[in-house]
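Please look at the sequence and the structure before reading on.

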Amino acid sequence: MSNTPMAASPLTRAVLEIDEYASGLGWDQPARLFALVDTARLRVQEPGLAAQLGLEDEQATIGLTPIEQDEIPAGKPLDEFLGTIAWPDSVVGCALTVERLMLPPSAEASVPEGLSGKKLTQWVAAHPDRQEVRMTVGVLRDGARDSALRLREKDAPTEVLTGAGLVPGLAEALSATFAD
């Protein structure tokens, strides 16, 4: 968490930690899913895992530890995959980091009528104003949300945008993984 502000909420710190981790892996990476667990509870209930993660000496009594999950299946749409997830009670939240192409709001008016799916994706990929972005979104069982956005062209820790409402659709999909 070297670039993570200590004054941030535990969820914001976890999202920024995941963003920093993903940044270290470089671009053109697959989506990655993380369970978020209470760090203090993890140290008590799973001391071996806490030691493996380097958490046994941490002084913080509050915080969230992201634990990367198995790889997301390549051929399955992300929304379908997320619909298959059920978290155990020990998981207090989850986060996902994914890369996408985005267009500025000014480009929305120029989207050709009737494009959807693969054709829309191709059109966006060919648009001169497209931006590659890495989105990291985290949610908690209690409804808290946070996000971090990093543009490929401004790939620096000081250029990461954070906020709870940056990627509402993805936050909704992640929150749904906690629905009973």
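The model is predicted: local features need pLDDT of at least 70, side-chain atom pairs count only at pLDDT 80 or more, and totals for chains, interfaces and linings use all residues. Residues are numbered from 1 along each chain as its sequence is written, and side-chain values use heavy atoms, with hydrogens and water left out.

Helices (H or I, at least four residues) and strands (E, at least two) are DSSP runs, numbered from the N terminus. Helix α1 covers residues 10-25, which is 16 residues. From first C-alpha to last, α1 reaches 23 Å, close to the 22 Å expected; the expected span is 1.5 Å times one less than the number of residues.

Buried means under 20% relative accessible area, exposed over 50%, and partly exposed in between (1.4 Å probe, protein chains only). The buried residues of α1 include Leu11, Val15, Ile18 and Ala22. An α-helix has 3.6 residues a turn, so residues three or four places apart point the same way.

Gly26 follows α1 and has a positive phi, near 90°. Asp28 lies in the loop between α1 and β1. Asp28 also has a positive phi, about 65°, although it is not a glycine. Most residues other than glycine have a negative phi. Asp28 is exposed, with a relative accessible area of 57%.

**The largest pocket**

The largest pocket has a volume of about 380 Å³. Among the residues that line this pocket are Trp27, Asp28, Arg100, Leu120 and Glu132. α5 gives the most to the lining, with four residues. By class, the lining has five nonpolar, two polar and four charged residues.

β5 is mostly covered, as five of its seven residues are buried. Two strands pair if DSSP finds at least two bridges between them. The table lists the pairings of β5.

| Strands | Sense | Bridges | A bridge pair |
|---|---|---|---|
| β4 and β5 | antiparallel | seven bridges | Thr136 and Ala148 |
| β5 and β6 | antiparallel | three bridges | Ser147 and Gly163 |

β4 and β5 form a hairpin with four residues between them. Gly143, in the turn of this hairpin, has a positive phi of about 100°.

Methods:
On a 1 Å grid over the protein atoms alone, a cavity is a set of points where a 1.4 Å probe fits but cannot get out, and a pocket is an open set with protein on both sides within 12 Å along at least five of seven lines; lining residues have an atom within 4 Å of a point. Grid points are joined across faces, edges and corners, and a volume is the space filled by probe spheres set on the points. Ala, Val, Leu, Ile, Met, Phe, Trp, Tyr, Cys and Pro count as nonpolar, Asp, Glu, Lys and Arg as charged, and the others, Gly among them, as polar.
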